[in-house]
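Subject: Structure handover

Hello,

Here is the structure for your files. My notes on the contents follow below.

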Amino acid sequence: QVQLVESGGGLVRPGDSLTLSCAASGRPIRPLAMGWFRQATGKEREFVAAMSRTGSRGLYYADSVKGRFTISRDDAKNTVYLQMNSLKPDDTAIYYCAAGVSGLKNADYWGQGAQVTVSS
């Protein structure tokens, strides 16, 4: 079992930056694919960013965040990050961390979510 806990959400203004953290416990995340999804009010959950297990080079981003968001992992801290720059009101959503043994198409583990609100 893996428990995922997101932190770092909040209220920011358009153009600001914010970094979300996802702290994992229960097992090392090194062999897991890790990623971020988000769900805005009234919309379906959507993919944001993902990275393959440590040792693989896969990095994936939704077109809507490419060039603005960066996913990274620190296996020593068992933590995954989502650096979000140039935030827009459309980025407002609950952000969920996910982990998967065989990718994230059907993620095995989910966090409880962190609210990010971008508003002037």
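Among contacts in the protein chain (heavy atoms within 4.5 Å) between residues at least 6 apart in sequence, 54% join residues at least 24 apart. This is a predicted model: local features need pLDDT of at least 70, side-chain atom pairs count only at pLDDT 80 or more, and totals for chains, interfaces and linings use all residues. Residues are numbered from 1 along each chain as its sequence is written, and side-chain values use heavy atoms, with hydrogens and water left out.

Overall fold. The protein chain has 11 strands and zero helices (DSSP runs numbered from the N terminus: E of at least two residues for strands, H or I of at least four for helices). Of the 120 residues, 43% count as buried (under 20% relative accessible area, with exposed over 50% and partly exposed in between; 1.4 Å probe, protein chains only).

Salt bridges. There are six in the structure, each a side-chain nitrogen of Lys or Arg within 4 Å of a carboxyl oxygen of Asp or Glu.

- Arg30 pairs with Asp75, with the closest N and O atoms 3.7 Å apart. Arg30 is in the loop between β3 (18–25) and β4 (33–39) and Asp75 in the loop between β7 (69–74) and β8 (79–84), so the pair ties together parts 45 residues apart in sequence. Asp75 is partly exposed, at 22% relative accessible area.
- Arg38 pairs with Asp91 at 2.9 Å, N to O. Arg38 belongs to strand β4 and Asp91 to the loop between β8 and β9 (93–100), 53 residues apart. Both Arg38 and Asp91 are buried.
- Asp63 pairs with Lys66, the closest N and O atoms being 3.2 Å apart. Asp63 counts as exposed, at 66% relative accessibility.

Through shared partners, salt bridges join Arg38, Glu46, Arg68 and Asp91 into one network.

Largest pocket. Its lining consists of 14 residues, of which Arg38, Ala40, Lys43, Glu46 and Asp90 lie nearest the centre.

Regards

Key
On a 1 Å grid over the protein atoms alone, a cavity is a set of points where a 1.4 Å probe fits but cannot get out, and a pocket is an open set with protein on both sides within 12 Å along at least five of seven lines; lining residues have an atom within 4 Å of a point.
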